[in-house]
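Hi,

Here is the structure I said I'd pass on. Have a look at it first, and then read my notes below.

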Amino acid sequence: MGGVREVVGIFFFFFFFVVVVVNTSTCWGQLSGHFYDGSCPNVEGIVRRVVAHNLWRDPTAPAALLRLFFHDCQVQGCDGSILLDSQEGIVTEREAPSNLGIRRLDFIDKIKAAIERACPNVVSCADIVVLAAREAVRIAGGPHIEGLLLGRLDSITANESIASASLPPPDARFDEFLQIFGSKGMSLEESVAILGAHTLGVGHCGSIVNRLYPEKDESLGPLYYNVLRLRCPAGGMVRQRAVVANDRTPLVFDSQYFEKALAGRGLFRVDSDVALNQLTNPIMQLFSANRHAFFAAFSSAFLKLSLAPSASAGEIRHNCRFVNAD
Ligand code: HEM
Ligand SMILES: *[C@@H]1O[C@H](CO)[C@@H](O)[C@H](O)[C@H]1NC(C)=O
């Protein structure tokens, strides 16, 4: 009996130590709703100010920042790995074909510089990516997402082949859509809502030419098919660099995307698939008619995407493009 009690005692000791003592000390990698309250209390205000002050340079930047967040979190969690340039031992993730069109890293650099001036060496680039995306949504007229957890660490490596394998290709289908967001604990409603990010921004012709040539993708409406063919003529890499707006209001975070997708005008294959599928069609109908339902589901989906788990090893990068020297 005594032996059992001892074992139980030791168990509780370790339980107490691991769960209570280790957890209550604020350490990086341990996400919290108040992570920077002591070390950088105005971090969210700085992000807001820098994004707002630089918007005139590129009013489409919010779209870029929102997609950057997805493409960071989708590859081994939100760890700022997409920001790393090629350097010793690292081929940048931005070489991955699905990262075509990733842009506006200069906004992240500007935010990082402003934060370093106010509170050096405490805020990770990974958290900046999440905060910048949250700000992008708000400044474009979308919901103000509450309850973000912060305290992420920046990766000390990046791997282009893992990025290539983890990111959905431009012609991803319904199954991949289900898998990507379901694996992050999203409901079907949340999965449709997060795809509503396509209310912002543009796609390159290169991402949609397979829907136009050699033959028409069945799910494209006939008028829209002609619009896209004019915009993206057959052949020629130069022409494939032209861009097409995701919806009629590509600068505004609204529910126009759902209306458009339901009308046979989904820009990417996944947009059309989700509009046509029997499971998700009613959800798109709901969101196209009810902006509040869209915003609420988008906000909770955004939080789930922001919690995609990453490796525990990491650092606070001095420069978001490079791992620290030592
Ligand atoms: C299965 C899921 C998804 C697929 C297949 C997909 C595919 C694409 C493609 C092909 C582009 C155009 C890239 C280009 O040609 O430049 C794009 C753009 C975009 N995507 Fe997605 N996407 C998905 C999910 C998401 C999610 C979850 C978000 C955000 C949370 C997102 C946000 C965006 C934004 C904002 C743009 C416009 C970017 C810009 O204007 O620079 N996408 N997406
Ligand atoms: C990237 O990841 C793949 C698959 O895990 C691995 O085989 C490869 O060695 C990695 N490359 C680098 C440069 O670490």
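Helices (H or I, at least four residues) and strands (E, at least two) here are DSSP runs, numbered from the N terminus. Keep in mind that this is a predicted model.

With that numbering, Pro214 sits in the loop between strand S1 (202-204) and helix H9 (222-231). A cis peptide bond links Tyr213 to Pro214, with omega at about -5 degrees.

Two other loop residues have backbone angles to look at. Arg104, in the loop between H3 and H4, is not a glycine, yet has a positive phi of about 70 degrees. Asn121, in the loop between H4 and H5, also isn't a glycine and has a positive phi of about 65 degrees. Arg104 is partly exposed because its relative accessibility is 23%, and Asn121 counts as partly exposed at 40%.

Now for H4 itself (residues 105-118): its 14 residues reach 20 Å from first C-alpha to last, close to the 20 Å expected. Its buried residues, including Phe107, Ile111 and Ile115, pack against helix H2 (43-54), helix H3 (61-73) and H5.

On to the inside. The largest nonpolar core has 83 residues, and Leu66, Ile115, Phe298 and Phe302 have the most contacts inside it. Helix H5 (residues 125-139) gives the most to this core, with nine residues. Among the residues Phe302 touches are Leu66, Phe69, Val130 and Ile194.

Last, ligand 2 is surrounded by Asn159, Ser161 and Ile162. One of its oxygen atoms is 2.3 Å from an N or O atom in the Asn159 side chain. Alone, ligand 2 exposes 360 Å², and the protein buries 30% of that.

Cheers

Methods: Residues numbered from 1 in each chain as written. Chains lettered and ligands numbered in written order. Predicted model: local features only at pLDDT ≥ 70, side-chain atom pairs only at ≥ 80, totals over all residues. Heavy atoms only, no water. Core = buried A, V, L, I, M, F, W, Y, C linked by side-chain atoms within 4.5 Å. Buried < 20%, exposed > 50% of the residue type's maximum accessible area, 1.4 Å probe, protein only. Contact = heavy atoms within 4.5 Å. Near = heavy atom within 4 Å. Polar contact = N/O pair within 3.5 Å; in protein donor to acceptor, adjacent residues only side chain to side chain. Areas by Shrake-Rupley, 256 points an atom, 1.4 Å probe, with all protein chains shown as cover. Expected span 1.5 Å × (residues − 1). Lists of a residue's contacts leave out its neighbours within four places in sequence.
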